Structures are given as C-alpha cells and as structure tokens.
Amino acid sequence: MNARAEILVPGKGGEGEALVLTAPISFWGGVDPKSGRIADVRHPQHGETISGRVLFLPGTIGSSSASAVLMELVHNGRAPAALVLHEPDAILLLGLIVAREMGWQTPMAVQLDRDIFETYRGSIAKIAEDGALTIAA
C-alpha cells in the first residue's frame, strides 16, 4: 500500500515497525518518557514500546504537557521513528518543533486518513521526506 501523507512537521523521514494504536492516548501519564513504553494500564496497547516504531495515532487525549513528554522522548532517544496522526494535535507537535529548535534529531509527523491505518499493521512502514508512506519490502 502506498499513500501520500500531509507533512505536519518535516524531517528526514523514518522507517520502523508499524504500531497502530487502537485507541487515543495521552502522552502525559500514558507514555513513559524514559522507556518509551505505553504506561497507561487502561490503554489496549499497554506495555508496547513506541520507540523506533512508526506510531499511528487515531487520536490523542489532550494535556498541555504532551509536548514536554514527546520532547523528553526525543531527548532520551526513545521517540518513535515517525508519527502518523489522524488529526493534527498542535500541543503534541509543539514538542517536535521545540526539540528540533534545541538541535535534537526529531522524527517527522504526518497526517493520514484513519481508514488507511490498518493497512500498515504488522508491517515495516517507511515515510519519505516528501510524505510518501510505503510498506518496506
């Protein structure tokens, strides 16, 4: 499956095992910034690691601290390889923008229709700098 995603935060692209979340997540309290694991025991993917994976987010549960958690993940080397969002989340994306301004290597973030997310489950997903989203061979 090839798709063209809208670029929300540019970057060098990313590749990794796709982690397609089945429910929205709060980064504040929902993701451990030291380990990159989903810490919210109520989340269906509790215990999964987001680090180094292409993270497909069907939605986020808001908190103004989400950007700080994502920035910590970037700083700790535990960030996803890329973020694929169904809808832009300005607060979450602010964490990537600030991390980039700090000079840290940040993953790119793109927007893609949620109906396409399942296509990538269980695959190695690759996002190019131009937003092309493919399944790696």
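**Close-up views of the predicted model**

**View 1. The salt bridge between arginine 53 and glutamate 48.** In this predicted model, the side chains of arginine 53 and glutamate 48 form a salt bridge with an N to O distance of 2.8 Å. Arginine 53 is buried, as its relative accessible area is 12%, whereas glutamate 48 is partly exposed at 32% relative accessibility. Both residues belong to a network of salt bridges that also includes Glu17. A search of the whole structure gives five salt bridges.

**View 2. The salt bridge between arginine 4 and aspartate 130.** The two side chains meet at 2.9 Å, N to O. The pair joins distant parts of the chain, 126 residues apart: arginine 4 belongs to strand β1 (residues 3–4), and aspartate 130 to the loop between β7 (124–127) and β8 (132–135). Arginine 4 is exposed, with 55% relative accessibility; aspartate 130 is partly exposed, with 44%.

View 3. Beyond its neighbours within four places in sequence, its contacts include Phe56, Phe117, Glu118 and Arg121. The C-alpha atoms of valine 20 and glutamate 118 are 7.0 Å apart, although 98 residues separate them along the chain. Glutamate 118 also forms a salt bridge with arginine 121 through their side chains (2.6 Å, N to O).

View 4. Histidine 43 is buried, at 5% relative accessibility. Its side chain lies 3.0 Å from the backbone oxygen of alanine 23, and a polar atom of that side chain is 3.0 Å from the backbone nitrogen of glutamine 45.

Definitions and conventions. Residues numbered from 1 in each chain as written. Predicted model: local features only at pLDDT ≥ 70, side-chain atom pairs only at ≥ 80, totals over all residues. Heavy atoms only, no water. Contact = heavy atoms within 4.5 Å. Buried < 20%, exposed > 50% of the residue type's maximum accessible area, 1.4 Å probe, protein only. Polar contact = N/O pair within 3.5 Å; in protein donor to acceptor, adjacent residues only side chain to side chain. Salt bridge = Lys/Arg side-chain N within 4 Å of Asp/Glu carboxyl O. Helix = DSSP H or I, 4+ residues; strand = E, 2+ residues; numbered from the N terminus.
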